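Hello,

Here is the structure I promised to pass on. Please have a look at it first, and then read my notes below.

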Amino acid sequence: MKTAIFPGSFDPFTIGHYDIVKRGLGLFDKIVIGVGRNIQKKEMFPIREREEAIRKIFKDEKRVEVRIYDCLTVDFAKEVGAAFILRGVRCMQDFEYERNMAEANKALGGIETILLYTRPEYAHISSTMVRDLYSYNKDVSAFVPNKLK
Ligand code: ADP
């Protein structure tokens, strides 16, 4: 069975993330979404809320599991029996970042990273943008999956 983890901070989970998982299901038998802390980013939504929200989105998708993790990404992958890391790429900046992470994760744990390019219509969508809108009480429903609306 081919299992991948999709790690991220998902603060909050957006339609861009959702699209990567949906497309990833065409490549993998199972995807474990790993909700983690990114120490470089300021958190808005508590991690348990993020986990619950994502679980709700995928409640009818048996091949998707959602877990909080608090360790190295390669250790999380090993813990759930995944040989792959799934990530999304929007721009050159993402690409450079993802390349460094992929090299590190390959060297540290022999885990391969599979990158999917964003759908062009989602390229501008980020959790940061949604957090900004949210903090000014703006409508974010166009940027989050249906089940969170
Ligand atoms: P992290 O804090 O680990 O970067 P994020 O929650 O910001 O986690 O993102 C998780 C993954 O989803 C990353 O690979 C990121 O590039 C990807 N991603 C974020 N937004 C989009 C989008 N709009 N389209 C495609 N991929 C995306």
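Let me start with the lining of the largest cavity: by class, it has no nonpolar, 2 polar and 7 charged residues. In this scheme Ala, Val, Leu, Ile, Met, Phe, Trp, Tyr, Cys and Pro count as nonpolar, Asp, Glu, Lys and Arg as charged, and the others, Gly among them, as polar. Among the residues that line this cavity are Ser 9, Asp 11, Arg 37, Glu 43 and Arg 131.

Before going on, please note that this is a predicted model, where local features need pLDDT of at least 70 and side-chain atom pairs count only at pLDDT 80 or more, while totals for chains, interfaces and linings use all residues. Residues are numbered from 1 along each chain as its sequence is written, and side-chain values use heavy atoms, with hydrogens and water left out.

The search of the whole structure turned up 1 cavity of 30 Å³ or more, and the largest cavity has a volume of about 40 Å³. On a 1 Å grid over the protein atoms alone, a cavity is a set of points where a 1.4 Å probe fits but cannot get out, and a pocket is an open set with protein on both sides within 12 Å along at least five of seven lines; lining residues have an atom within 4 Å of a point. A volume is the space filled by probe spheres set on the points, which are joined across faces, edges and corners.

Now to the largest pocket, with a volume of about 1,000 Å³. Its lining comprises 41 residues, and Gly 8, Asn 38, Lys 41, Arg 87 and Tyr 97 lie nearest its centre. By class, 15 of the lining residues are nonpolar, 17 polar and 9 charged. Helix H4 gives the most to this lining, with 7 residues (helices, H or I, of at least four residues and strands, E, of at least two are DSSP runs, numbered from the N terminus).

What takes up the space of the largest pocket? The ligand does (a molecule sits in a pocket if more than half of its atoms lie within 2 Å of its grid points). Polar contacts, meaning pairs of N or O atoms within 3.5 Å, include one between a ligand oxygen and a polar backbone atom of Phe 10, at 2.9 Å. A side-chain N or O atom of Lys 41 is 2.8 Å from an oxygen atom of the ligand.

Best wishes

Notes
Polar contact = N/O pair within 3.5 Å; in protein donor to acceptor, adjacent residues only side chain to side chain.
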